[in-house]
Amino acid sequence: MDKKHRYMFRHHGKGRTLAHNLRLATLLSFVAGMVNICGVFSVKTLTTNVTGHFAFFAEEMVLENYTLAFVFILYVLCFLFGSFLSGLLTEITSRSKSNFSPALPPMIVEILVLILVWVYSYFYGTTGNNVHIIVSALLFAMGVQNSLVTQVSKSIVRTTHLTGLFTDLGIELAQLIFYRAPSEVKRLKQSIYLRVAIILFFFIGCIVGGFLFKYYELKTLLIASFFLIITLFYDLIRYKLYFLKRRIFTDN
């Protein structure tokens with residue numbers, strides 16, 4: 001397939017270009033930013049990574065608050081289960097003989113979970129034990145997303161947390177000072193550009209999501225889901241049009 005046809009989800013491994021990863025990274029990091037700020041505003045909890053939850057788990061264990069300690073481990077396991085399910089669905093789809101993109105099932109799961117979180121909060125609120133259910137669901141959704149983009153991009157793109165990105169960015173900026181070979185400089189510049197884009201769009205997602213939350217509260221998650229749905233349809237339509245054009249020109 002010609003590289004000019006830049007499908008975010010259908011190109012894998014060596015078939016992917018900077019353009020593929022850039023589109024994938026900017027969209028999903030933007031969505032992750034929106035989800036993250038929704039978690040902070042609604043339930044005062046980070047919902048796109050698990051590093052901090054391990055620290056809270058250790059704190060509660062030291063304080064002998066074992067019930068809360070169990071809750072933080074549950075958060076981590078929800079992220080893990082989301083990653084596992086995403087990987088399982090992607091592998092099953094890629095090994096089947098269907099024409100579906102391997103990214104389609106995990107994306108549908110993420111969209112449904114984000115919608116269901118809003119539905120749940122609408123009927124039951126965001127206080128008491130409902131907080132734990134909402135946090136667990138959002139961490140599960142972000143586990144699905146992070147696993148998806150990691151598999152599709154062959155570990156080049158991650159969108160739900162920034163610690164590793166800032167680390168890699170710092171290393172590559174240092175390498176850029178010393179590397180002289182044109183091919184190495186080009187590779188480094190492309191990688192730096194990609195990482196900066198992910199960081200930037202995560203921040204933009206946080207800011208946009210924050211302003212939207214002021215007016216729509218957790219209904220903002222429906223807007224995040226809308227972006228994912230539009231992206232799926234856009235990718236699918238481009239894919240179908242490409243093969244339709246190829247069939248027409250082949251027949252002629």
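Which side chain meets that of Asp-168 in a salt bridge? Arg-195 does, at 3.6 Å from N to O. We'll come back to that pair after a look around the rest of the chain.

## Getting your bearings

What you're looking at is a predicted model, where local features need pLDDT of at least 70, side-chain atom pairs count only at pLDDT 80 or more, and totals for chains, interfaces and linings use all residues. Residues are numbered from 1 along each chain as its sequence is written, and side-chain values use heavy atoms, with hydrogens and water left out.

The chain has eight helices and zero strands. Here helices (H or I, at least four residues) and strands (E, at least two) are DSSP runs, numbered from the N terminus. Read from that end, the order is simply α-α-α-α-α-α-α-α.

Buried residues make up 46% of the 252 in the chain. Buried means under 20% relative accessible area, exposed means over 50%, and partly exposed is in between, using a 1.4 Å probe and protein chains only. The chain exposes about 13,800 Å², with carbon and sulfur atoms supplying 68% of it; these areas come from the Shrake-Rupley method with a 1.4 Å probe, and for residues only the protein chains shown count as cover.

## The inside

The largest nonpolar core has 57 residues. A core like this is a set of buried Ala, Val, Leu, Ile, Met, Phe, Trp, Tyr and Cys residues joined through side-chain atoms within 4.5 Å. Val-35, Leu-114, Leu-138, Phe-140, Leu-221 and Leu-228 touch the most other members. Helix 1 (18-43), helix 3 (66-95), helix 4 (104-124), helix 5, helix 6 (163-178), helix 7 (182-216) and helix 8 (220-251) each give two or more residues to this core. Take Val-35: leaving out residues up to four places away in sequence, Val-35 is in contact (heavy atoms within 4.5 Å) with Thr-47, Leu-114, Leu-138, Met-142 and Leu-221.

Leu-139 and Asn-49 are 90 residues apart in sequence, yet their C-alpha atoms are 7.2 Å apart in space. Beyond four places away in sequence, Leu-139 touches several residues, among them Asn-49, Val-50, His-53, Tyr-75 and Phe-79. Across the chain, 71% of the contacts between residues at least 6 apart in sequence join residues at least 24 apart.

## The outside

Over on the surface, Phe-81, Phe-84, Leu-88 and Ile-92 form a nonpolar patch with about 410 Å² of accessible area together. Patches are made of residues with over 30% relative accessible area and no salt bridge, where like charges are joined within 9 Å and nonpolar side chains (Val, Leu, Ile, Met, Phe, Trp, Tyr) within 5 Å. Leu-88 belongs to helix 3 and is partly exposed, because its relative accessibility is 38%.

## Rings in pairs

Rings of Phe, Tyr and Trp (its six-membered ring) pair if their centres lie within 6.5 Å; planes under 30 degrees apart count as stacked, over 60 as edge-to-face and the rest as tilted. That rule gives nine aromatic pairs. One of them joins Tyr-120 and Tyr-124, a tilted pair at 4.8 Å centre to centre with 35° between the planes. Both lie in helix 4, four residues apart, or about one turn of the helix. Tyr-120 is partly exposed at 22%, while Tyr-124 is exposed at 55%.

Elsewhere, Phe-56, Phe-72 and Tyr-75 form one aromatic cluster.

## Back to the salt bridges

Side chains of opposite charge can pair when their charged atoms come close. For a salt bridge, a side-chain nitrogen of Lys or Arg must be within 4 Å of a carboxyl oxygen of Asp or Glu, and the whole structure has four of these. One of them links Glu-91 and Arg-95 at 3.1 Å, N to O. Those two both lie in helix 3, four residues apart.

What about Arg-195 and Glu-172? Their side chains also meet in a salt bridge, at 2.9 Å. Arg-195 lies in helix 7 and Glu-172 in helix 6, so the pair ties together parts that are 23 residues apart in sequence. Both of these residues are buried. Through shared partners, salt bridges join Asp-168, Glu-172 and Arg-195 into one network.
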